[in-house]
2 protein chains.
Amino acid sequence: MLSAEEKSKADSRERIITATTDLFLEKGFAGTSMSTIAKASDMTKASLYYHFSGKEDLFIACVTHGYAAALDALTVITANASLTAEQKLRAAIDALYETTITSPVGRMSPLIAEVSRAFPKVARSFHTEYIEPQRAALWQIVEEGVAQGVFARVDQNQFFHLAFGPIVTLSLSREMFATFDDLDTHFPVDDLRHGHTEVLIGMLR
Amino acid sequence: MLSAEEKSKADSRERIITATTDLFLEKGFAGTSMSTIAKASDMTKASLYYHFSGKEDLFIACVTHGYAAALDALTVITANASLTAEQKLRAAIDALYETTITSPVGRMSPLIAEVSRAFPKVARSFHTEYIEPQRAALWQIVEEGVAQGVFARVDQNQFFHLAFGPIVTLSLSREMFATFDDLDTHFPVDDLRHGHTEVLIGMLR
DNA sequence: CTTATTACCGACCGGTCGGTAGGTAATTAG
DNA sequence: CTAATTACCTACCGACCGGTCGGTAATAAG
């Protein structure tokens with residue numbers, strides 16, 4: 001049963017979330033007002049409060065919204081039986097670069113940092129529902145390679161440090177210096193990704 | 001000539017900057033009000049405007065304040081003639097972990113990301129006066145090792161990506177998840193630093 | 001001792017903040 | 001057809017925002 005009303009309600013929620021996410025990523029949480037969000041969502045502020053109980057609720061919806069899609073991209077890779085462990089690892093790293101730098105949820109780390117003290121629950125959720133599953137998916141690939149004897153055994157936290165560190169920092173740098181007209185010269189995603197991938201594969205040999 | 005007035009003025013500026021930096025790091029730029037800053041600085045809001053022309057001016061002062069000290073720690077290492085290139089590199093990495101995770105200026109990356117669109121000049125300054133000199137200092141050590149034949153030649157941007165990436169991400173993670181009571185279990189600085197250092201040295205052999 | 005300057009303050013400004021009360025047109029249920 | 005519900009609106013609230021005003025006590029200069 002998908003009545004016209006329910007469809008319009010879902011559409012509105014979606015429209016609000018995408019518009020708000022853009023604003024939060026651009027201006028930060030405290031720097032984005034509910035009136036601005038309302039304008040960007042083609043709505044009145046009062047209508048926003050019909051769909052969401054408050055600014056924090058709306059923020060949680062924005063953060064949570066992209067979890068599934070981002071993690072699906074990884075699980076599709078791990079589940080692909082026709083790939084070797086090394087092929088899976090390469091594909092997973094590509095996917096991590098893509099989501100962390102391009103997708104809204106991947107770019108939200110600075111935003112989480114901004115509100116982490118005010119809303120610790122959002123930070124917890126981001127960690128358990130987004131960061132940890134990403135790590136688990138990556139580690140599953142590594143363990144598969146170890147079991148097959150093609151990867152050497154490495155320390156888990158060390159590997160995560162070296163794997164996620166450069167990617168997240170690259171994403172953060174591109175946010176910090178988003179206004180630079182020579183952004184891709186300073187922070188060339190593809191170049192850096194290639195070299196990074198080879199180092200990680202090298203660690204596992 | 002250091003009159004009582006001038007001393008008190010300098011003291012006040014210093015007091016304001018340190019108090020403001022703490023607040024900005026905790027609540028973000030937009031989330032910190034001038035009245036809150038005034039209270040934390042034991043002053044009236046009006047007096048704040050005697051020392052700084054506005055909130056942006058105060059923010060710039062906070063960001064700029066720690067540049068010199070953080071960079072000095074690195075130049076002391078590069079200038080130390082009694083160290084080998086590898087010893088310098090190890091010491092430099094230690095120093096980078098220390099400043100990036102502990103010092104206010106090192107922890108400011110998420111803050112710069114928050115305001116980068118509104119104040120691109122601050123982002124530029126952070127890049128040219130803080131990031132670039134750090135990279136230059138580190139690269140000088142690498143080139144010294146290459147010239148002495150103890151380090152292999154590596155790509156500059158790749159090396160920076162692998163060197164700074166994990167450190168900045170670790171700092172960001174500790175900001176994002178600062179409220180976790182098991183923060184040091186999830187993000188153990190010393191452990192991660194040791195493993196990271198060995199990988200970097202390994203890259204250069 | 002007089003005068004100017006300095007570092008600071010209380011009181012206030014127009015504007016915006018997050019949030020709400022009450023109403024209305026359109027859809028749905030009975 | 002009627003009554004209820006839904007999705008949305010206009011108009012407004014007190015609190016707080018960044019910033020400014022006209023002073024004032026303490027110091028420094030002459």
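Start by selecting chain A and colouring it by burial: buried residues make up 37% of its 205 residues. A residue is buried here if 20 or more other C-beta atoms, placed from the backbone, lie within 10 Å of its own C-beta. Before going on, note that this is a predicted model, where local features need pLDDT of at least 70, side-chain atom pairs count only at pLDDT 80 or more, and totals for chains, interfaces and linings use all residues. Residues are numbered from 1 along each chain as its sequence is written, while chains are lettered from A and ligands numbered from 1 in the order in which they are written.

Now switch to cartoon. Chain A has 11 helices and zero strands; helices are DSSP runs of H or I with at least four residues, strands are runs of E with at least two, and both are numbered from the N terminus. The C-alpha trace of chain A spans about 60 × 45 × 30 Å along its principal axes. Of its contacts between residues at least 6 apart in sequence, 67% join residues at least 24 apart, a contact being two backbone-placed C-beta atoms within 7 Å.

Next, pick residues 55–65 of chain A, helix H4. Which of its residues are buried? They are A:Leu58, A:Phe59, A:Cys62 and A:Val63. Look down the axis of H4(A): these buried residues fall within an arc of 135°, so they line one face of the helix. The arc is taken from the directions from the helix axis to the C-beta atoms.

Hop over to chain B and show H6(B), residues 85–102, with H11(B): their axes come within 11 Å and cross at roughly 145°. Axes are lines fitted to C-alpha atoms over the stretch in contact, with angles from 0 to 180 degrees between N-to-C directions. Show side chains for the contact, including B:Leu89, B:Ile93 and B:Tyr97 of H6(B) and B:Thr197 and B:Leu200 of H11(B).

Finally, bring up both chains. Here 37 residues of chain B are in contact with 37 residues of chain A. On the chain B side, helices H7 (109–115), H8 (120–147), H9 (156–176) and H11 (189–203) each supply at least two residues, with the largest share, 13 residues, coming from H9(B).

Key:
Buried ≥ 20, exposed ≤ 12 C-beta atoms within 10 Å, placed from the backbone.
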